[in-house]
Structure formats: C-alpha cells, structure tokens
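Colleague: Please show the structure, and let us then discuss it step by step.

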Amino acid sequence: MPSVGTPPAHRGSRSTVRSHPTATYVVRRVIAAISTLIFVVLFNFFLFRVMPGDPIALYTKGRNVDADQIRLLRAALDKPLGEQLLQYLTNPFSAGVDSVKYNAPVWEVIGPHVWPTLLLVGTATLIATTIGVWLGIRSGWNRGGHFDKISTNVTLVLYSMPEFWFGMIILIVFAVGMGPVPGLFPTGGLTTPGVDTSTPAGWLDVAWHLALPVTTLAVIYLAEYSLIMRASIIEEAGQDYLQTARAKGLMDAMVRRRHAVPNALLPTMTLVFLNLGFVVGGAITIEYVFSISGLGSLTVDALSGPDVPLLQALFLLFSAAVIVANLVADLLYGYFDPRVRT
Amino acid sequence: MALLEFDDVSITYHSRGVDVPAVRGVTLSVAAGETLGIAGESGCGKSTLTSTVLRMQPKSATVTGEVRLNGRNVLTLPWGQVRALRWAEASMVFQGAMHALNPVQRVGDQLAEPLVLHNRVSASKAAVRVSELLEMVGLPARSARVYPHQLSGGQKQRVMIAMALACEPQLIVADEPTTALDVMVQAQVLDVLQGLVRELGVGLVFISHDLSVLSTTCDRIAVMYAGRVVEEGPAADVFDHPQHPYATALAGAFPRVGDTRYRYAPSGLPGDPPFPGDLPVGCPFHPRCPGAMDECRMAEPPLLQIGDRRSACLRVHSTGERS
C-alpha cells in the first residue's frame, strides 16, 4: 500500500445526510412545470381579452335579434375583469362556457378529437425516432463516408420541405394515383365509414388510412432527429473517453454502443420530447391535408369563427402538452445523465 | 529482450497535402520493471511516439520502423491481436484526467470493463477486483458506485491508474498523468503510481515536460526535441548534469530550492520550438541554442553513444571524444 493522503469522502456520502439528490431534482422539476402551467393559464385569460373580434356579433350572426337582446347579451359578458377571471379559473374544466359553434361544452367537443391526433403523432414520433436515431448514429460515426454523404443530403432535403407541401405530393401520388402509380391509399379520414374499429379488420383499416399522414409526419421529423443525432455523435467522437474505450481493446462497434451512443442520445432525447409537445398542436397542416378530424382540424375550425371558448381550451391543452412533454424530457434527462441530477 | 522497443520509429502526419514529420527516427527501449521518462515541450512528438505502443496513432499518420512489445511488432499485427494486447499487455493513463472517463457510466463499471473483456471474469469476481484496485490507489471501495463528475481531478486520475492496473499489464504508458492537477495532488498521484510500479514490477513510460518530476520517478530519461531524442541517460545524470543545451534549459526551468546556482537566474528558454513541418536546416535547436556554432547550421548532429549516455550535440561529441 503506497503512502497517500487520506482521500476526501466523495460527495454521495455527504448528500445522503441532507436529502436525496434525485428526489430534490424531481421535486424541483415538477414545481417548475406547475408554475409554468399557472402562468400559461393566466396568460391565456388575458390574451383572449385583448384579442380583436366581437363575441356578440359572432353569436348573433345570421339570427334575428333586436337591439335589446344584444344589450342583454352584452351585459351578461361585460362583467368586471376580476369576476371574469374567477369564473375562468373555477370552470375551465367544467361545462361552464359552451363552444359557440358546436353549442356544447368545450371539453365534450374536444374529447373525440384527441385520439386521432395522439394516434397520428404517437406512431409518427415512434417511427421518426427509431429510424432517425439509427441514421444519425450510422452516418455520424463514419463521418464523410458514402452512407453519411447520401443520408445527410437526403435528410437535409427532407428537413427543408414544408410538411403540408410534402403531404400534398404524397397524397397526389399515392392516394389519387399518378402515371403508373395507382392510388393505393385513401385520400383522407381515419376509417372507412361503417367499419367496426374494435375488430382486427377495423385496426387494419385504420392503419391503412394512417399510412400516408404518418409517413409524411415521420419523414419530416426523422430528418430533424437524424441530423441532430449525427451532430451529437460527431461531437462525442472526439472525446477522450472514447480514446480510453478504444485503448481498452473494445471493438469499434462496442465503443460506439457502450460509450458514444449513451452520451450522444441525450440531446436528441430532449428534442424528441420537446417536439412531442409541439406536434400535438403542430399536426394542424397534416390533419388538414389528410382530412383527419383531430385537434389540428378542430383548431382551424375554431379559429375561423373565432370560437373563443373552444380556442381558449385548445390553447390551454396545447400549452399543457408542451409543459408535460418538457417535464418528461427533464426527468428522463436526469435519469440518463447523472451530472444533471446531482 | 526488452519489454518495449522503439526501433527507428518515424511518424508523419499529412495535413492539407503537407507532410509533417512529428517523430523522426526514434530508437528507445524499456526493460521489464524499468521506468523511462520522456521529456520535452508540447509538440515535440512524445505523445505521438507513445500512442503507437497500442497502435492508437491517428489513421492518417504514416508510421515507419518497428514498435516491438515483447518482441512482436505492434504496427504490423492483425487488428484482432492488437485489440487483444491493448490493456492486457500494455495500458495507458491519459493526460486528460478530466475527460478520460465516460461521464454517464459508474466508475466501477468502467473499471470492470477491461476485466470482463480480457480476463473473461464474471461480474461478481470483477466487482471484487474493482474494490481491490480502488483500494490500491487509496480510494474507498464504495467509489465504484459514483459517477466521474462526483470525483475530484486527483481522484479521477487515481481511478485512471487503477484502471490501467486492472489486467495486470507488463507496461503502463502514463502520458502527463499529473499535468492538470495542483502540486499537492500531483505529489499524491505520483506517489501512488511510483509505489505501485515498484511493488508490481511494471514497466513504465512516463511522459512529462517536467524534468524534475521525471528525475525522481524514473530510471532513465530521454529528452525529445523536434521529433528526435536529443539526450538519453540515467535519470539523475541527465537532470543534474545535462549535456545537450536543450536538456540544460529544460533542467534549468525547474530550479531546486537551496541550490545557489538558481538563486539569481531563474532561467527560461527564449523562442518557440520549430514547427515540425518546417524545420531549420542543421541542428533543429540551433536558432535557440546559446552555443550554436557554424557547423550546427549545416547538418543535423547524430545521436551518439558516449558511455551510458546518448547525446545529439556537436559540442558534446567533441568534448566527449577528447576526454
């Protein structure tokens, strides 16, 4: 045993005395998410008070009303701001305010539109992440190789394409049919009318309908993920710890899998979850192109009014989706990167 | 047969169509259990030279000569055999202690990795050995559970040393293992390394720009300048009585407390080392040499053996022949 000074105790032993670092990290992230949500709720309220447009005019459009009725309606809506806020805060999730257009409680209107969007976005994200990460790792690890050159150029082109335009091209070629390509897929919707979606045949029908919109969305996001993954792999490739791994005698594939990828995955993972939050609201164009009655189509519909109560609820939902996705990303990052949580 | 032999090794980098000779005709050897120090300024080729021991030089570099480890030329072995000898026969302690460990893997897993790979031990046996290794370098066994960022620079470097010892190699290459550490920690880490090398009879190649550190740690010292060995000999001789003017300057850069020679002359060496791609004609050191003669500007002096020392300086050659 060589003579050495007493090594200082490592930090892990000290922090257990105070509080668990992981628990502290989780609690801090959750509190941050909740405060953001509160801010969004308040912001949402004031945003719609300063928005142009006359709710009375919209409500009475095309109806036979006299000046007295309008005055009554106005009086019902022109309550003091404080009272309005109180009402807004107490029943954003109840049937307090009905959608103007659908004449039904907003959450009842939104409900049926959630699943199509989740199905579309979820499937597309899964496919985009798997393929994008694989492409990124492969091209970044052998930077400048044939695979990298082709993959990077293709993904750059895909990344630069507007999604609605790409969606329309896909739609025209594969659903309508063009030249020798027959129209193999349906042009819109999620199901063939009359098909029972609880049977395996019904699932196949849904999958058949989802094929084109999912492909469109997946291809666009896949390009982004693969470019990000490639960049982080390239960044990690020059790090000293990979030199150590190689010197240990590991094969190239093991150096990549065990050491480079776990480190390079972190930025991509954050991006995927951040996007997931945005995609819930951001599939608007794709849903519109493929006539899928999801949240995107509903938003377009509500905006054309504008159907203020419905829009308010939708905005709240989209913000909440982003905040929740952000929280999940933070927690996962903490799980995979020990430097963050301690 | 020596444990490690560099036989006329030259390494050339190619950058933008220009050939940059980083190492030029180096011949050195390390016997089993012996400690060789390699000294020199940054860019003199010392790290490039030792990277060939595990064939870790960049793919773009051209290497000529032979690097023999236990008599086998590492440079021409099939890759499978190179991977098998990496870490098992020779291991490295890298200079960037801060970044040489994987930040998202527990220290214990990183220590166990070469054991599982080369010695094919089970996970539980590896864990026992990991605790043993950590205690060898003066760290508590529970350090295996922590991540690198929870350790200080000195502790990380100890982990690196423990890792280098994992498979009981015959040779360890330590590339400036203490450069990033403060003086106290540096002394501790050096103590650990020195003690273990002596105890286990491991051969050590120790790279540093600090000649005083090398003189206390090593049996022999080689001083490199512009890709060549310019002086080589027993450690104490090279440090106390350097012959080559560059070795003199290097030794003078680390004054000894209590030695009156250094009191009024904390000497430095003016100028920068030459760019390896654009070496001056003659002795590459002559532009910075206080005693340069006309002959020094004409041809590069060879590395000649005089007694148990080698030197590449014309002045040394002439006095050595006279005496």
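Modeller: pLDDT is the predictor's confidence in each residue, from 0 to 100. This is a predicted model, in which local features need pLDDT of at least 70 and side-chain atom pairs count only at pLDDT 80 or more, while totals for chains, interfaces and linings use all residues. Residues are numbered from 1 along each chain as its sequence is written, and chains are lettered from A and ligands numbered from 1 in the order in which they are written.

Colleague: What pLDDT does chain B average?

Modeller: In chain B, 94% of the residues score at least 70. The average pLDDT of chain B is 88.

Colleague: Why is helix α9 of chain B largely enclosed by the rest of the structure?

Modeller: Helices (H or I, at least four residues) and strands (E, at least two) are DSSP runs, numbered from the N terminus. A residue is buried if 20 or more other C-beta atoms, placed from the backbone, lie within 10 Å of its own. Helix α9(B) spans residues 245-252, and B:Tyr246 and B:Leu250 are among its buried residues. The helix is largely enclosed because, of its eight residues, the number buried is seven.

Colleague: How many bridges join β9(B) to β10(B)?

Modeller: These strands run antiparallel, and B:Ala222 stands opposite B:Glu232 in β10(B). The number of bridges joining β9(B) to β10(B) is six.

Note on methods:
A residue is buried if 20 or more other C-beta atoms lie within 10 Å of its own, exposed if 12 or fewer, and partly exposed in between; C-beta atoms are placed from the backbone. Two strands pair if DSSP finds at least two bridges between them.
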